[in-house]
Amino acid sequence: MAFSFKHASCRFCVAAALAVSISACSSPFSPKQTDGANISGGATELSLMFFGDKPEDWDLVVDAFVHQTDSSLHVRLRTEWDSVEDYAKKLMLKLAAGEEMDAVFDASWMSLEKNAAQGYYRNLDSYFGNDAYPGLKAAFPEAFLDANRINGHIYAIPLTQSYHDIEILYIRKDLREEFGMSPIASYDDLRRYFQLVQEKKPEMIPLALKGDRGFFRMFDRSGKMLHYRAAPDAIAGTGIDFALALSEDGKQVLGATTYGDPASYYESLPAPMNNPDDLYASLDSYVKWNAYVQRDVLNERNAAVLFESGKSAAYEGTLSGWNAVRQDLKQSIPGAELEGFAYKTCQREMQAGCIGTDYRAWNNLAIPVTSKHTELVMRFVDWIFQSQEHHDLFELGIEGVHWKSEPDRLFKRLPASSRYVFPAFLLTWNPTLSRIDADSDPEALKLLQYASKASSYYQLPLAGFAFNPLPVKSEIARIQPVATQMLQVFKSGLDPAWRATAAQTNQRLREMGLDRIREELIRQAQSYLDDGGV
């Protein structure tokens, strides 16, 4: 697959600056204390379901949008903002109840494939590659869309600012320097840093983990994936992670394995795929490094808060969050400084062809079938992607008020930017339009620019494959709670005898229908390859 892309002050002050910026327009503008849901002049209200915190100046941005489009789109926006913890459950309840919604966030890591397979989302094929929607046509090339199809169709708008969000271990640079250490360049350095935290800062947690995730990408084995093997977590919706083994020519599925499988499931696979430790030995490292994490790890849900409040000396995140983490840390702890450790050597050295990707977006905007305004929603999204100016309004806020433009697709935040912190992954992220913060830490800026280059990536096996869980939904419903509980313990390093536990649990899962899911996964993957997929 080839890709080629072109390259706060008081509310009154913000409103005044905005009014000046559009004073040349013929009609007057007055910011409203609303959620952008005013209905007038026959305008249609679109309901959007998001999660996270509503930006303070969201209404100003929405009103600016309405002012620009009132003679064309005639839409108003009604946004619902739920907590991260409540959103997924609430979305499922609304979809199942047939509640009318116009656009919702969903993702493979949430429930996208399942919801699409159950018929909850509109087929959006006709809106892409369509001259009537020039913004969508320009911002979503066919190759990008092909990587984000579900059963051959587009059921959601794929949102990503790069083709992989590089995994980072966030570290207190000021502590590392206080300890007299050079920058972290290896796992040995990292272990020494954690040991010094224990010795010199015994009140601190060396490494805070997110309880429902455990160790995220530390010791990740997928960085050495062969071109004919899909990583254990590469396919969503199966209820438990499977690794798919392919023939060397990539045309045949040789098997699918998971945690605790009997030796017989590996015997027929070629080396090194016949060795389960080649995939799962990282769990041994988790057990060893559990000595550095918080005691109540399974019940801790927000590692970032522990880090940003000074209670921990490191936590795992991703590159896209660097600036926000740095800002929160410095506000909370005067004198604190942030730095990051990318796990893979080739990423630290910013080598070409280092980052494996399936080119799938990890965030999406879907339109439920209950919406009565599908075309209008797509015209709204098309407007966002029609120009850099339109896109920047929603992603960054009002130019000259919240931010200013810099060369090379960079931007600088202005004092009022804190009033418009929009989670852009919900609506606007795009490889061709999303800007990079010019005030990023120099180390982060280099990595962000590296991650924005197509040459930094290589394509993972089965890049365009999406599993349809419906044929085995009953089996998945039985095994998933058991598998999830087991993996939370394993990925937090809490079970030194994880091999024995995995084998015992695997036998129980096979009695619940694990092999039926395995067979269906192999069947669907082989069908995908037979149809010309890669």
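**View 1. A disulfide joins cysteine 346 to cysteine 354, S to S 2.0 Å.** A disulfide is a pair of cysteine sulfur atoms within 2.5 Å. The whole structure holds 1 disulfide. Its link is right-handed, with 60 degrees about the S-S bond. Cysteine 354 is buried, at 9% relative accessible area. Buried means under 20%, exposed over 50%, partly exposed in between (1.4 Å probe, protein chains only). This is a predicted model: local features need pLDDT of at least 70, side-chain atom pairs count only at pLDDT 80 or more, and totals for chains, interfaces and linings use all residues. Residues are numbered from 1 along each chain as its sequence is written, and side-chain values use heavy atoms, leaving out hydrogens and water.

**View 2. Glutamate 45 and arginine 78 meet in a salt bridge, 3.0 Å from N to O.** Glutamate 45 lies in strand E1 (residues 44–51) and arginine 78 in strand E2 (residues 75–82), so the pair ties together parts 33 residues apart in sequence. Strands (E, at least two residues) and helices (H or I, at least four) are DSSP runs, numbered from the N terminus. A salt bridge puts a side-chain nitrogen of Lys or Arg within 4 Å of a carboxyl oxygen of Asp or Glu. Glutamate 45 is partly exposed at 26% relative accessibility. Arginine 78 is also partly exposed, at 38%.

**View 3. Aspartate 174 and arginine 172 form a salt bridge, 2.8 Å from N to O.** Aspartate 174 is buried, at 17% relative accessibility. Arginine 172 is buried too, at 7%.
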